Structure formats: C-alpha cells, structure tokens
Amino acid sequence: MIYIIMGVSGCGKSSLGMFLSEKLGWPLHEGDNFHPQANIDKMSRGEPLTDQDRLPWLLKLHEVIESERCSGSDALVACSALKRQYRQILLHGSKALTSSSNPYPDILPPSSPDVCFVFLHGDYNFIHQRMVARRGHYMKADLLRSQFDSLEPPLDDENVLSLDIRKSIADMAAEVEKHIVSSKSAAANL
C-alpha cells in the first residue's frame, strides 16, 4: 500500500509522515524534497506556484509512487496534492494530462486500490497560526490563502481517509493504522 498524506502547507503532513514512518518502518518520501529549485525560489519570494510550476514535481512524485508500487513495498508520501488533477497525475503520470493524445483524462480511474490519500484538513486560521510559528521553511504563511483557494478536497471515489488536524499526531496515526489493517484484510479476502 502507498499512503499519500496530503493537504495544504502547515497541516502536519511531514509530522504525521515521520511519525508513521518510524512506527510502521515504512519509507517516507517527503514531497518538498522533489521540488525543482525554481519552485523553492518562487515560494521563498512569496509567489504561489502555478499548475505549470507543479507539473515536473508531480511527475517526479508519480515516478516514486510507481517505483514503490512495482516493488510491492509499503510506503508513505507527503505532498500537498491540492487538486483532483494533481492526484490523478500522482496515480497515472502524464496519462492524466489533457492533450491531443489524451483528450479525455477524466476517464482514468479516480483511485487505485493500492493507493490511499490521507487528507489532513483544518481551519485556515488554525493552520495559519502554525505556519507563522514554524521556522526554517521556505513556504511562507502568506501563501496559505492561495493553497486554500486551489484546494479541491478529495471525494469518496478517490480512496480517501479524512483526518481532522485538531487531533494529535498519535490519534491521527492510530486512525491510519486502523485503515491499513482494514485495507489489507479486505485485499486478502479478494
């Protein structure tokens, strides 16, 4: 199974990912580490990323996810995946892009049985306070509004586990672990 921990910046994706990685012994692929330098520079200047800026980053993460899926390994990925199309790119790579060769990307399945999105959701003011308090991250708190404006919360057909970030990391991790056990049990009964 691949669990993609997603949500706006400052919601706790990395913290939950590190906690789960240590507890489960699964590798964690931190999405921030896959951004091209141009994206990091842009965010450091307080400029929101465009869809075009995010595309190379999403395609790199798709490669990581595919590599883990093909190896049959369990893994965690932490990345924003704000829009449905971004999540489709993570699952299907360039096949999810609208182009002359693929004019109907919406016909791709919205989910995969071996990939679960863990959507960390919370209130803008709560997350903004967290971002203002954190140090050393290139993503500035004043970019949070642009992320909320872009956010398309995942739908049920995307194989999603939604978690309220007001819960503790340990409580959220327990919910993810329960989901893992349930998913693996259901897969074994197929």
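A residue counts as buried here when its relative accessible area is under 20%. By that cut-off, 46% of the 190 residues of this protein are buried. The model is predicted.

**View 1. Seven helices and five strands make up the predicted protein.** From the N terminus on, the elements follow the order β-α-β-α-α-β-α-β-α-α-β-α. Among contacts with a separation of 6 or more, 73% join residues 24 or more positions apart. The mean pLDDT of the protein is 88. A score of at least 70 is reached by 89% of the residues. Among the elements, strand S3 (residues 75-78) has the highest mean pLDDT, 98. Helix H5 (residues 124-133) has the lowest, 83.

**View 2. Strands S4 and S5 run parallel.** S4 spans residues 115-121 and is joined to S5 by five bridges. S5 covers residues 160-164. Four of its five residues are buried, so the rest of the structure largely encloses this strand. In a regular strand, side chains alternate between the two faces of the sheet.

**View 3. Helix H2 packs its buried residues against helix H3.** H2 covers residues 37-44, and its buried residues are Asn39, Ile40, Lys42 and Met43. They span an arc of only 160 degrees around the axis, so they lie on the same side of H2. Residues three or four places apart in an α-helix point the same way, because there are 3.6 residues a turn. The packing partner, H3, covers residues 51-71. Just after H2 comes Gly46, with a positive phi of about 85 degrees.

**View 4. Lys42 is a buried lysine of helix H2.** Its relative accessible area is 16%, and the cut-off for buried is under 20%, so Lys42 counts as buried. Leaving out residues up to four places away in sequence, Lys42 touches Glu47, Pro48, Leu49, Thr50 and Asp53. Asp53 is eleven residues from Lys42 along the chain. The C-alpha atoms of these two residues are 9.4 Å apart.

**View 5. Leu61 sits in helix H3.** Its relative accessibility is 0%, so Leu61 counts as buried. Residues up to four places away in sequence aside, Leu61 touches Gly31, Phe34, Val77, Cys79 and Leu90. Gly31 is 30 residues away from Leu61 along the chain. The C-alpha atoms of Leu61 and Gly31 are separated by 7.1 Å.

**View 6. Tyr3 and Trp26 form a tilted aromatic pair.** The structure holds two aromatic pairs. Tyr3 belongs to strand S1 (residues 2-6). Trp26 belongs to the loop between helix H1 (13-24) and strand S2 (28-30). The two residues are 23 apart in sequence, so the pair ties together separate parts of the chain. Tyr3 is buried at 0% relative accessibility. Trp26 is buried at 10%.

**View 7. Tyr124 and Phe148 form an edge-to-face pair.** The ring centres lie 5.5 Å apart. The planes stand at 75 degrees; edge-to-face requires over 60, so the pair qualifies. This pair links distant parts of the chain, 24 residues apart. Tyr124 is in helix H5, while Phe148 is in helix H6 (residues 144-150). Phe148 has a relative accessible area of 21%, which makes this residue partly exposed.

**View 8. Cys70 is exposed, whereas Cys79 is buried.** Cys70 has a relative accessible area of 68%. For Cys79 the value is 2%. Cys79 is one of the residues that Leu61 touches. A disulfide is a covalent bond between the sulfur atoms of two cysteines. To count here, a pair of cysteine sulfur atoms must lie within 2.5 Å. By this rule the number of disulfides is zero.

Key
Residues are numbered from 1 along each chain as its sequence is written. This is a predicted model: local features need pLDDT of at least 70, side-chain atom pairs count only at pLDDT 80 or more; totals for chains, interfaces and linings use all residues. Side-chain values use heavy atoms; hydrogens and water are left out. Buried means under 20% relative accessible area, exposed over 50%, partly exposed in between (1.4 Å probe, protein chains only). Two strands pair if DSSP finds at least two bridges between them. The arc is that of the directions from the helix axis to the C-beta atoms. Contact means heavy atoms within 4.5 Å. pLDDT is the predictor's confidence in each residue, from 0 to 100. Rings of Phe, Tyr and Trp (its six-membered ring) pair if their centres lie within 6.5 Å; planes under 30 degrees apart count as stacked, over 60 as edge-to-face and the rest as tilted.
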